[in-house]
Amino acid sequence: MKNLLGGKGANLAEMTRAGLPVPPGFTITTEACSAFFAANETLTDETLNQVRDAVRQLESQTGKRLGDPGNPLLVSVRSGAVFSMPGMMDTILNLGLNDETVEGLSQLTGNPRFAYDCYRRFIQMFGDVVLGVDHYRFEHIIQQRKEEIGVKQDTEMGAEDWKWVIGHFQALIREKTKAEFPQDPEEQLKRAIIAVFQSWNNQRAKIYRKIHKIPDNLGTAVNVQLMVFGNMGEDSGTGVAFTRNPSTGDKEIYGEFLINAQGEDVVAGVRTPRPISELREQMPAIYEQFASISNQLEQHYKDMQDIEFTVERGKLYILQTRAGKRTAGAAVKIAVNMVEEGIITRDEALMRVDPDQLSQMLHRRLDPHAKLNVIAKGLPASPGAATGHIVFNADDAEKLANEGARVILVRPETTPEDIHGILAAQGVLTSRGGMTSHAAVVARGMGKACICGCEQLKIDLRKKEMSVGDLILKEGDMIAIDGSTGQVIQGEVPLIDPELSPEFKQLLSWADEVRTLQVRANADNPEDSNKARELGAEGIGLCRTEHMFMEASRIPIVQQMILAETREERAEALAKLLPMQKEDFVGIFKAMAGLPVTIRLLDPPLHEFLPNMEALLVELTRMQMDEKTDRTELIQKEALLRKVRALHEFNPMLGHRGCRLGLTYPEIYEMQVEAIFLAALECIEEGIRVEPEIMIPLVGHVNELKQMRELVDRVAQEIERRTGKTVSYTVGTMIEVPRAALTAREIAEEADFFSFGTNDLTQTTFGYSRDDAEGKFLHAYVEHKILPDNPFITLDPNGVGQLIRLGVEQGRMTKPGLKTGICGEHGGEKRSIQFCHEAGLNYVSCSPFRVPLARLAAAQAVIRGRQEQK
């Protein structure tokens with residue numbers, strides 16, 4: 001009943017039914033949350049009546065009563081969304097305390113320090129979450145008292161100190177809200193429930209949902225649960241633990257605990273907790289009971305669990321369990337190991353790993369040969385390495401990252417409000433908190449390097465500097481962090497690419513057995529081709545030949561070709577480019593070792609290879625005003641400007657490019673085709689099988705492809721006449737304008753294959769210029785739900801997708817065996833790959849580093865189809 005009770009509520013109900021030691025309580029459902037927002041953020045009478053009935057039932061069950069000074073019922077009020085959103089919404093603990101019940105709790109427990117510690121925590125959380133008084137103002141009062149009495153830890157403060165703090169907390173609330181702190185527990189509960197519902201729409205929760213594609217209309221449940229106390233002395237404590245290591249996936253209980261503390265102390269980073277292995281020494285019976293429950297929960301849920309627990313006076317309570325957030329490497333290892341342990345099937349393992357996570361496994365790491373100036377060491381909270389400029393707040397991190405800088409976010413501890421900064425940064429470094437703190441959990445989920453609890457660091461947010469001993473580093477200074485070892489390094493450190501684990505390869509081999517879509521790579525040089533093969537690509541789906549023209553050494557020859565006034569002059573320049581192009585193709589063919597290579601002939605307009613017109617005008621004006629300017633040089637520059645003006649287009653994307661260029665200047669395409677065939681022959685002579693697929697770009701009419709195919713065939717015949725040898729090849733086209741998809745039946749007469757160029761097809765279908773749209777309005781369109789997704793990231797199934805389906809169906813009416821694929825950036829995006837599978841394409845092509853993602857996503861598409869048929 002997760003959709004109704006939320007993940008936390010459903011798990012609490014299930015654990016209760018299984019007889020585990022769960023504190024009693026009740027769940028206010030997601031339906032009540034929807035009713036709350038429908039009623040203009042007002043709790044309905046029906047909801048309030050049901051809450052009162054549930055409280056009475058809880059009172060009956062526990063023998064305690066809300067607001068009773070003699071035996072007060074104290075509860076926690078926690079959010080619980082359908083999908084886990086750690087730290088994004090609000091929690092209030094110790095609700096039910098007031099000036100009277102705190103005295104009762106003190107007498108009941110015989111522990112005044114404990115009672116007043118609980119009360120100050122409640123006022124602090126309620127004040128922040130419900131009354132809107134900033135958290136740091138309360139912390140400032142606590143710090144003030146610590147300094148007055150000369151202590152460093154909260155645990156060193158006694159009952160009288162907490163009474164002093166409570167008095168100042170209440171005065172602060174009176175000053176900021178112009179009202180007294182509410183003493184009526186029923187009013188406290190009502191306002192807490194409202195605040196937790198409202199936190200569904202706070203900024204950090206919205207950002208988290210956007211990042212993780214969680215729908216905005218689900219709402220959150222609210223869990224009201226009897227408080228159990230980890231801060232009742234040395235026989236009490238609290239902790240968070242995972243049933244397996246969330247960083248590595250190793251089968252071991254991994255977590256942290258604090259003696260004499262409440263739960264938020266562990267995750268908030270206020271105190272640096274102890275490894276859970278030490279709990280075995282301090283409370284051996286509790287540890288053995290916890291280990292047994294951990295195993296029981298993992299077997300029941302068939303997944304690694306993240307468990308919150310509290311020990312109250314020697315009795316263990318389980319407060320929550322949920323599927324644990326984990327790194328990509330851990331996700332893969334856990335999935336594969338659970339298959340080997342007989343807990344889940346291979347299909348379940350394949351569905352257990354999010355394809356987007358696989359790119360995290362290609363984490364970079366510090367160059368082992370680099371000389372490191374290690375200045376500090378913290379807890380290795382999220383693996384991978386990062387290097388960048390120090391920034392001390394999330395807003396600066398986001399601003400500088402948007403300007404192209406690499407940054408490391410450095411904070412005493414992060415809070416959920418910092419999520420946009422974590423997203424923007426290369427990595428995160430905190431001086432407080434443990435490996436289950438907010439920074440660690442969020443960074444691991446995003447695949448960011450993170451170090452927590454680096455207590456050697458002294459951070460001064462006001463001065464924007466940090467120090468380690470005598471060393472002072474200021475904002476903007478370069479550091480590197482290694483999230484796998486916890487090392488903080490001064491200066492910039494070179495990073496290197498990772499090696500893939502045996503479990504990674506095992507999971508992908510299972511994916512390859514299941515999937516029906518082929519996965520190719522977009523690669524324009526031998527280096528990318530080799531990387532693609534290493535990561536499992538089954539060929540090249542797009543080799544952009546224009547990238548070969550853009551090398552610095554070739555640009556002058558390309559410009560000579562463009563500036564040529566006659567065909568003979570152009571042929572002279574092309575003759576210089578021919579051997580260069582040939583060598584490029586030889587390298588790619590060798591890297592692919594007999595796998596298909598789809599080579600797209602020159603696509604962009606010629607002016608892209610010439611200097612910018614405005615920059616030329618400025619330079620020419622300067623030369624004309626300078627009496628020392630060489631006359632010959634001036635004439636050449638004027639000629640260049642005339643050519644740039646002649647080639648200038650108002651809308652280059654729809655202008656003189658692609659096959660239109662090949663039809664106007666056939667000698668360019670002839671040179672490229674000749675280079676392909678000569679490269680193929682050279683490889684064949686060395687015993688390397690070659691399968692070139694020549695792709696004509698931007699075809700919108702069958703006659704364009706017909707003429708271009710004749711050109712390719714003519715060059716092939718000429719090569720055969722000269723060498724006496726033949727090359728097997730195919731000729732196809734890129735479907736990237738709507739007319740090509742609409743007339744695919746005719747175009748297929750001249751095509752051996754279709755490759756859908758979904759980047760341009762999206763531009764021409766929507767009528768969007770990608771650069772302008774993404775920079776000016778597309779973000780707002782997605783933000784305001786005009787579009788469900790950015791169509792340049794996730795394929796638009798209802799518009800662009802329908803053209804692809806039509807193109808495939810129409811093309812195969814003419815040629816039943818017509819090979820079809822996509823080579824736009826959508827080829828490496830999981831939902832777009834699902835669409836490609838359903839549309840019956842033969843392959844997807846994506847950047848080399850996204851090949852593993854595509855292999856897994858293609859397998860998941862098959863498994864989903866099987867599940868839907870059941």
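Is Arg-346 buried, exposed or partly exposed, and at what relative accessibility? In this predicted model, Arg-346 has a relative accessibility of 43%, so the residue counts as partly exposed. Its side chain forms a salt bridge with Glu-513, with the closest N and O atoms 3.3 Å apart. This pair links distant parts of the chain, since Arg-346 belongs to helix 14 (residues 346–352) and Glu-513 to helix 19, 167 residues apart. Glu-513 itself counts as exposed because its relative accessibility is 57%.

Helix 19 (residues 502–514) also holds Glu-503, the partner of Lys-333 in helix 13 (residues 328–340), and these two residues are 170 residues apart.

Across the whole structure, 67 salt bridges are found. Among them is the one between Lys-213 and Asp-789 (3.5 Å, N to O). Lys-213 sits in the loop between helix 9 and strand 4, and Asp-789 in the loop between helix 33 and helix 34, so the pair ties together parts that are 576 residues apart in sequence. Lys-213 is exposed at 54% relative accessibility, whereas Asp-789 is buried at 15%.

Now for some other acidic residues. Glu-565, Glu-568, Glu-569 and Glu-572 form a negative surface patch. Of these, Glu-569 is part of helix 23 (residues 567–592) and counts as partly exposed because its relative accessibility is 38%. Asp-306, in strand 8 (residues 305–312), has a relative accessibility of 6% and therefore counts as buried. The residues that Asp-306 touches include Val-240, Phe-242 and Arg-322.

Definitions and conventions: Residues numbered from 1 in each chain as written. Predicted model: local features only at pLDDT ≥ 70, side-chain atom pairs only at ≥ 80, totals over all residues. Heavy atoms only, no water. Patch = residues over 30% accessible without salt bridge, like charges linked within 9 Å, V, L, I, M, F, W, Y side chains within 5 Å. Areas by Shrake-Rupley, 256 points an atom, 1.4 Å probe, with all protein chains shown as cover. Salt bridge = Lys/Arg side-chain N within 4 Å of Asp/Glu carboxyl O. Lys, Arg positive; Asp, Glu negative; His and termini not counted. Charge placed at Lys NZ, Arg CZ, Asp CG, Glu CD. Helix = DSSP H or I, 4+ residues; strand = E, 2+ residues; numbered from the N terminus. Buried < 20%, exposed > 50% of the residue type's maximum accessible area, 1.4 Å probe, protein only. Contact = heavy atoms within 4.5 Å. Lists of a residue's contacts leave out its neighbours within four places in sequence.
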